[in-house]
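I am opening a notebook on this structure. My entries below follow the order in which I looked things up.

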Amino acid sequence: MKTMSSLFAFPIRAVSALALAAALPLAAVVAPVPAEAAAGDLDKAVAALRGISTLKADFTQTDRQGRTIGGELTLKRPGKIRFEYDKSAQMLVVSNGSSLYLVDYEVDQVQRWPIANSPLGALLDPNRDVKRFGKLVPTDHPDVVSVEVRDPKRPEFGVITLIFNRDAASPGGLRLTHWVALDSQNHRTVVRLRNHRYGVSVADSAFRFSDPRKSSRRPG
């Protein structure tokens with residue numbers, strides 16, 4: 001069974017390898033940024049997240065060993081998200097607004113955590129996390145905004161770094177291009193987004209799932 005510490009570092013089955021260098025976050029290259037710009041960009045990042053009512057995007061997820069797999073992300077406020085992985089993965093990550101589920105169809109198991117106990121909490125609930133626990137991480141490009149979110153009192157919740165590109169067509173003028181999640185075991189996972197579709201119709205049923213456990217067939 002996958003544990004909480006591996007939630008963002010899944011052992012990915014039947015996938016091709018990527019170079020580790022390609023998974024490095026843009027935030028790793030540091031350059032000075034004026035304090036005024038930093039404060040303003042943090043507000044803009046929060047506004048960008050709050051401005052997303054619904055979002056669909058294609059994603060690729062890369063683990064710490066450079067293995068990658070793709071799929072489609074669906075996001076809906078408040079707090080709902082679905083990672084529909086390629087069929088080869090036989091797994092699903094979905095949040096119904098209060099809990100985050102990892103559904104492993106290969107071994108017929110389901111794990112659940114409160115959203116607050118996941119690095120994804122910053123993405124799903126920017127009202128709670130980003131302004132309180134977020135800080136701007138300087139980058140080497142004026143059109144790239146990087147925000148690191150962590151709760152110093154709860155290191156077991158991990159760290160997520162959200163990376164945006166300036167884009168007038170995106171909510172808040174920033175487009176979320178990828179994020180880097182680091183769990184308490186220092187397992188790093190990079191999720192990259194493309195083909196963003198904002199404001200699409202998304203039914204709440206998209207955030208339910210068929211329970212594979214023999215003892216229950218109730219949807220999540």
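**Entry 1: a hairpin, and the ground rules**

I looked up strand 1 and strand 2 and found that they form a hairpin with five residues between them; in the turn, Gly66 has a positive phi of about 85 degrees. I take strands as DSSP runs of E, at least two residues long, numbered from the N terminus. I note that this is a predicted model, where local features need pLDDT of at least 70, side-chain atom pairs count only at pLDDT 80 or more, and totals for chains, interfaces and linings use all residues. Residues are numbered from 1 along each chain as its sequence is written, and side-chain values use heavy atoms, with hydrogens and water left out.

**Entry 2: strand 1 and its partners**

I checked the pairing of strand 1 (residues 54-62) with strand 2 (residues 68-76): nine bridges join them, and they run antiparallel. Two strands count as paired if DSSP finds at least two bridges between them. Thr62 has Thr68 as its bridge partner in strand 2. Strand 11 (residues 188-198) is joined to strand 1 by seven bridges, also antiparallel, and there Leu193 stands opposite Phe59.

I traced an open sheet of 11 strands in the order 6-5-4-3-2-1-11-10-9-8-7, with antiparallel pairing. Its edge strands, strand 6 (109-114) and strand 7 (134-137), each pair on one side only. Strand 7 pairs with strand 8 (residues 144-150) over four bridges, and Gly134 has Val149 as its bridge partner in strand 8.

**Entry 3: confidence**

I read an average pLDDT (the predictor's confidence in each residue, from 0 to 100) of 78 for the protein. Residues 1-36 stay under 50.

Conventions:
Contact means heavy atoms within 4.5 Å. Buried means under 20% relative accessible area, exposed over 50%, partly exposed in between (1.4 Å probe, protein chains only).
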